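Hello,

Here is the structure I promised to pass on to you. Please open it alongside this email, and my notes follow below.

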Amino acid sequence: MSGPYAIHRTRVEWIDTDAAGIYHNTTVVRFAEAAEAELMRAYDIPGYFPVAPRVRYEVEFEASIRFGEEVETRVELIRLGRSSMTFGFEVWRGASGDGPRRRAARGSYVTVHVPDKEQGGSAPWPAAWRAALGEAGTAADLAEPDARTAH
């Protein structure tokens, strides 16, 4: 991974688990979005979340995480399209008495810029946001016809 990235560190709380104290699969989404929020703050992208719905999400679960364990989530912008962004992420369980640091989940997701919910449809990302993120897109990315079908 080599694009703009951010890391979010937290601990698995009881609300994040099932009755056995093992993290629930939906917790990964929250961890990834918390890291994404760190990324948007770091690159000064205000107002991003209300206009960037997720249109695709993919996760591979590799290890369990239990109540109280420390977690580190890294999210990275891996593709900046005309109106979409693709992010990759990894969720790592911290080292504990039960074993070494281990990747618990990894995946990717796509967001699309939809600035007008009434009219719907995607629109190009604001130029200031593209500049702040370092124009990470390629010429092919910029030419995408419809972000909802591009992956």
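A residue is called buried if its relative accessible area is under 20%, exposed if it is over 50%, and partly exposed in between (1.4 Å probe, protein chains only). Helices (H or I, at least four residues) and strands (E, at least two) are DSSP runs, numbered from the N terminus.

Two notes on reading the model. It is predicted, so local features need pLDDT of at least 70 and side-chain atom pairs count only at pLDDT 80 or more, while totals for chains, interfaces and linings use all residues. Residues are numbered from 1 along each chain as its sequence is written, and side-chain values use heavy atoms, with hydrogens and water left out.

First, the overall picture. The protein chain has three helices and five strands, and from the N terminus its elements run β-α-β-β-β-β-α-α. Of its 151 residues, 42% count as buried. Contact here means heavy atoms within 4.5 Å. Among contacts between residues at least 6 apart in sequence, 70% join residues at least 24 apart.

Next, the confidence. pLDDT is the predictor's confidence in each residue, from 0 to 100. The chain has a mean of 87, and 87% of its residues reach 70 or more. Please take care with residues 136-151, where pLDDT stays under 50; the model has 28 contacts beyond four places in sequence for this stretch. Where pLDDT is low, the predicted coordinates should not be read in detail.

Now to strand E4 (residues 84-93). Why is E4 described as largely enclosed by the rest of the structure? Because nine of its 10 residues are buried. Two strands pair if DSSP finds at least two bridges between them. E4 pairs in the antiparallel sense with strand E3 (residues 70-80) over nine bridges, and these two strands form a hairpin with three residues between them. Within that pairing, Leu77 has Phe87 in E4 as its bridge partner. E4 also pairs with strand E5 (residues 102-112), again in the antiparallel sense, over 10 bridges; there, Arg93 has Arg102 in E5 as its bridge partner.

Rings of Phe, Tyr and Trp (its six-membered ring) pair if their centres lie within 6.5 Å; planes under 30 degrees apart count as stacked, over 60 as edge-to-face and the rest as tilted. A search of the whole structure finds nine aromatic pairs. One of them is Phe87 with Tyr109, which is stacked at 5.1 Å centre to centre with 20° between the planes. This pair links Phe87 in strand E4 to Tyr109 in strand E5, 22 residues apart, and both residues are buried. Elsewhere, ring pairs link Tyr48, Phe49, Trp125 and Trp129 into a cluster.

A charge sits over a ring if NZ of Lys or CZ of Arg is within 6 Å of the ring centre and within 35 degrees of the ring normal. The charged end of Arg74 sits over the ring of Tyr5, 4.0 Å from its centre, and that of Arg101 sits over the ring of Trp92, 4.3 Å from its centre.

Lastly, two single residues. Ala34 lies in helix H1 (residues 27-42) and is partly exposed, with a relative accessible area of 22%. Asp44 is in the loop between H1 and strand E2 (54-61) and is exposed at 61%. Asp44 has a positive phi of about 55° although it is not a glycine. Most residues other than glycine have a negative phi.

Best wishes
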